Amino acid sequence: MVKHQPLQVYEKQVFVSFVTGIYGCRWKRYQRSQDDSSRWECTWFVILCSSFLLLLFWAYFWLVAQNDFNEFNWLVYNRSGEWRDETIPILASTTVGFSYITFLLILALFHISLGQQLNLYWVHKIGLLATLLTTISGVISIDDLWGDEWDILLLSLQSTAPFLHIGALVTVTAISWLVAGYVVRRERSNFQVMMLLIYMVILLVVYLAPLTFTCPCIMDRHSLRPRPDIIGRRGAPMLAPENTMVSFNRALQYGASSLEADVTISVDGFPFLMRDRTLRRTTDIHKVFPARQYDDASLFNWTEIRSLNAGQWFLESDPYWTVETLTARDRSRIGNQTVCSLVEMLRLAARANGSALLNIRRPPPEHPRYRSWFMDTLWAVQKAGISQKRVRTVTWTPDTDRGRVRGLQQTANEKLSLEEMRQRGITSLTLHYSKASHKDIQEYLANNVSVTVYPVNEPWLYSLLWCSGVPSVSSDAPQVLRKSRNAYNFIWITSNLVSIAVVIGIFGFQNYHVIRWRMRGMQTYNPEHIMLSAVARRTSRDVNIMKEKLIISELNNGLSSTEELCLYPENGYATYSHGGLSH
């Protein structure tokens with residue numbers, strides 16, 4: 001007597017349902033297919049991979065550009081007239097977009113590994129295109145607004161290349177599981193051999209990549225120059241309002257040996273510290289002199305300037321998200337700050353046995369001190385009681401005026417040849433980090449030219465310039481600069497050996513698993529079973545035909561009434577059990 005039971009018994013495949021359900025909204029077994037993906041879906045996979053690479057580039061750019069976030073916000077402020085942290089929405093959208101695209105790419109790779117047909121859900125297609133177009137528009141906008149910042153990418157690789165190499169090594173090692181599963185568990189084909197060869201070439205390139213690194217930080221410890229001096233650029237503007245006494249005191253507390261400030265000459269010849277052309281951003285002029293808030297800062301007299309509050313804006317706008325870390329006493333001091341004079345800053349530098357770097361903005365032609373600004377500066381230096389040899393000036397003036405500033409050390413803010421520097425009598429340079437190559441720095445130092453690089457706000461850039469031999473750096477964040485060096489050669493060799501062992505182990509495990517599975521199947525399967533187990537890459541129609549042949553052959557062979565044939569269509573094999581015929 002034959003028992004009537006369902007003809008097929010299905011295994012629950014929770015992980016497969018999760019992968020196909022989220023990627024293509026195919027939660028049911030009958031919705032899935034192991035057929036080859038269509039060209040249209042392969043095109044979407046290519047778009048997905050391209051979007052991932054673009055977002056990876058975009059995210060890396062903003063990661064290394066963190067050193068210049070202050071400059072970016074300043075640039076936007078000059079265009080819009082409103083000061084706010086424009087990097088927050090950019091970083092938030094980049095994080096969300098990159099996480100979303102990375103998750104979709106991982107699901108797609110699991111589809112390929114599990115032999116499932118790619119079928120991206122239409123909602124994800126819209127999200128993919130929206131993310132891609134948003135990123136492209138962002139790249140175009142940054143290129144127009146901040147095009148010079150692209151230079152930081154190549155420069156950062158000199159410092160981040162070792163860390164990127166470790167990340168790439170971990171990634172290609174992890175991918176070996178997918179590659180091994182695809183190559184070992186399928187019938188041999190030319191495409192599989194090509195995929196294996198491509199993977200092995202990529203793996204070899206990653207292993208040997210450090211041989212091409214020219215990172216100056218991969219160097220002998222004994223050849224390392226002294227640590228660069230830190231110049232507090234406008235003090236410590238991330239912890240206190242820029243160009244105020246509180247800010248300069250904070251910079252000295254965090255190890256700055258020099259102070260840098262922006263100098264403007266008032267209408268009555270009194271040098272004071274102000275970065276902006278107007279007083280709108282860093283004072284309460286909109287309350288005290290609302291009708292004059294767009295006037296040039298140099299057109300106010302010192303009494304008017306001194307009446308303004310220069311600290312409350314910092315507490316209200318919190319430009320660097322640091323106000324919450326301040327104590328009640330610090331907030332009280334900051335809230336009562338006034339515009340700082342040059343004399344006050346120089347006296348503080350003299351008491352700390354430090355030096356000063358002054359960026360002097362020449363007054364406009366209609367200014368009454370247009371031709372005597374240098375005398376006003378010398379007067380402030382003498383009144384402060386600081387040695388003139390400890391004061392360097394960066395003046396945005398013609399060369400004819402440079403010679404009139406006698407007694408003060410003059411520095412140029414542009415890259416000059418050694419011959420030009422001799423003709424102008426300049427012995428030091430203040431350069432943007434993107435303009436100071438390792439080769440140029442070594443050439444200047446060999447000819448006794450002092451080089452100061454700005455702005456240096458991240459440890460990786462400070463470490464890079466330290467290894468390049470730069471004597472001093474100018475920083476908006478002296479509190480975050482720390483010594484950073486690594487025994488990278490040891491890490492490189494060790495990580496390569498570990499990766500090789502892991503890859504060999506993965507391929508060996510996958511191959512052993514398949515051989516054992518096939519050997520066990522040879523002992524229990526008839527020819528139809530063996531044929532069915534080898535159709536993983538055939539179409540669904542061919543698989544169904546093979547299943548029908550298997551059932552018919554088993555019935556013809558005469559199964560007893562107590563035997564049960566269980567067929568697992570998605571695994572491609574059949575097993576026997578007692579209790580009747582099931583399918």
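Predicted model: local features only at pLDDT ≥ 70, side-chain atom pairs only at ≥ 80, totals over all residues.
Trainee: Take phenylalanine 72 and tryptophan 146: what kind of aromatic pair do they form?

Mentor: A pair of aromatic rings is described by the distance of the centres and the angle of the planes. Here the centres are 4.9 Å apart, with 45° between the planes. Under 30 degrees would be stacked and over 60 edge-to-face, so this pair counts as tilted.

Trainee: And how many residues apart are those two in the chain?

Mentor: Phenylalanine 72 belongs to helix α3, residues 69–80. Tryptophan 146 lies in the loop between α5 and α6, so to speak on another stretch, and the pair links distant parts of the chain. The gap is 74 residues.

Trainee: Are phenylalanine 72 and tryptophan 146 buried or exposed?

Mentor: The cut-off to keep in mind is under 20% relative accessible area for one label and over 50% for the other. Both phenylalanine 72 and tryptophan 146 come out as buried.

Trainee: What about the rings of tyrosine 77 and tryptophan 83: which kind of pair is that?

Mentor: Tyrosine 77 and tryptophan 83 are both buried. Their ring centres are 6.0 Å apart and their planes stand at 65°, so the pair is edge-to-face.

Trainee: Which charged residue sits over the ring of tryptophan 74?

Mentor: Look for a charged end above the ring of tryptophan 74. One lies 4.0 Å from the ring centre, and it belongs to arginine 275.

Trainee: Why does tyrosine 182 count as buried?

Mentor: Tyrosine 182 is found in helix α6. Leaving aside neighbours within four places in sequence, tyrosine 182 touches Ile112, Phe191, Gln192 and Met195. The label is buried because the cut-off is under 20%, and the relative accessibility of tyrosine 182 is 17%.

Trainee: Last one: how far does helix α2 reach from its first C-alpha to its last?

Mentor: Helix α2 covers residues 39–64, which is 26 residues. Its buried residues, among them Trp58, Phe61 and Trp62, pack against α3, α4, α5, α6 and α18. Trp58, Phe61 and Trp62 also belong to one aromatic cluster that includes Phe72 and Trp146.

How values were computed:
Residues numbered from 1 in each chain as written. Heavy atoms only, no water. Phe/Tyr/Trp six-rings, centres within 6.5 Å; stacked < 30°, edge-to-face > 60°. Helix = DSSP H or I, 4+ residues; strand = E, 2+ residues; numbered from the N terminus. Buried < 20%, exposed > 50% of the residue type's maximum accessible area, 1.4 Å probe, protein only. Lys NZ or Arg CZ within 6 Å of the ring centre and 35° of its normal. Contact = heavy atoms within 4.5 Å. Expected span 1.5 Å × (residues − 1).
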